[in-house]
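Open the model in your viewer and keep the selection tool at hand. We will go one stop at a time.

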Amino acid sequence: LRLFSEIFLYLSLAALWNLLAGYAGLVSIGQQAFVGLGGYGLFAFAMFFGVHPLLAVPLVAVIATVVALPVAVLIFRLNGAYFAIGTWVIAEVFRLGFAQVTSLGGGSGTSLPIGIVKSIAGSRSMRDNVSYWMALGMIVLVLGVVYFWLRSRHGFRLTAIRDNELAAKSLGVDIWRTKFQVYVLTAGLTASV
């Protein structure tokens, strides 16, 4: 079950990166910033605010989406290879920021207290089952969002931008807004994975 859970989560991340880099043409090498934000956010909600870990996942997705808004505004001033390097720099800023939070283990991380882990499910096999079903639900959600996003007007805009940005702009596609929307969408979903 653990192996399948990991496979589902990696497939989710790959599908989101494919949406961002493959369809939008935004080669981001800094998406790990949102994975880290999701992990540290889940631990913070569970340990400090008493939020059940399963409820913390959607909360973290919302927070990552909100955080992605100013990050996207900042990073979209760059193009091409500069955009990729800029996303890496943003991820480093996130990493350095998380390293300063000593209550969450700083840069080395921490483990959830046993009481919080047992609140997910009583036995280890039940926790593995819960993790499996959550990971399966996540891959279904991500693939569904990507599928329907690409078959909507947003997907057609992304494909037009990827194929020829100048031609897409001449046809009335708002390039900045389209890329901004897909970046924020993938950031929120990446944090929840």
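Select V182 first. This is a predicted model, and in it V182 has 0% relative accessibility. Buried means under 20%, so V182 counts as buried.

Now show what surrounds V182. Leaving aside neighbours within four places in sequence, V182 is in contact with L19, L20, A24, L26, W149 and L158. V182 and F34 are 148 residues apart in sequence. In space, their C-alpha atoms are 14 Å apart.

Widen the view to helix α9, residues 175-192, where V182 sits. At 1.5 Å a residue, α9 should span 26 Å, and its end C-alpha atoms are 26 Å apart, which agrees.

Which element gives the most? Colour α6: it gives eight residues. The lining divides into 19 nonpolar, six polar and five charged residues.

Last stop: the second largest pocket, with a volume of about 250 Å³. Select L26, L78, N79, E165 and K179, the closest to its centre among 13 lining residues. Both α4 (80-99) and α9 supply at least two residues of this lining. Here the residues divide into eight nonpolar, three polar and two charged.

Terms used: Residues numbered from 1 in each chain as written. Predicted model: local features only at pLDDT ≥ 70, side-chain atom pairs only at ≥ 80, totals over all residues. Heavy atoms only, no water. Helix = DSSP H or I, 4+ residues; strand = E, 2+ residues; numbered from the N terminus. Buried < 20%, exposed > 50% of the residue type's maximum accessible area, 1.4 Å probe, protein only. Contact = heavy atoms within 4.5 Å. Expected span 1.5 Å × (residues − 1). Nonpolar A, V, L, I, M, F, W, Y, C, P; charged D, E, K, R; others polar. 1 Å grid on protein atoms, 1.4 Å probe; cavity = no way out; pocket = protein on both sides within 12 Å on 5 of 7 lines; lining within 4 Å. Points joined across faces, edges and corners; volume = space filled by probe spheres on them.
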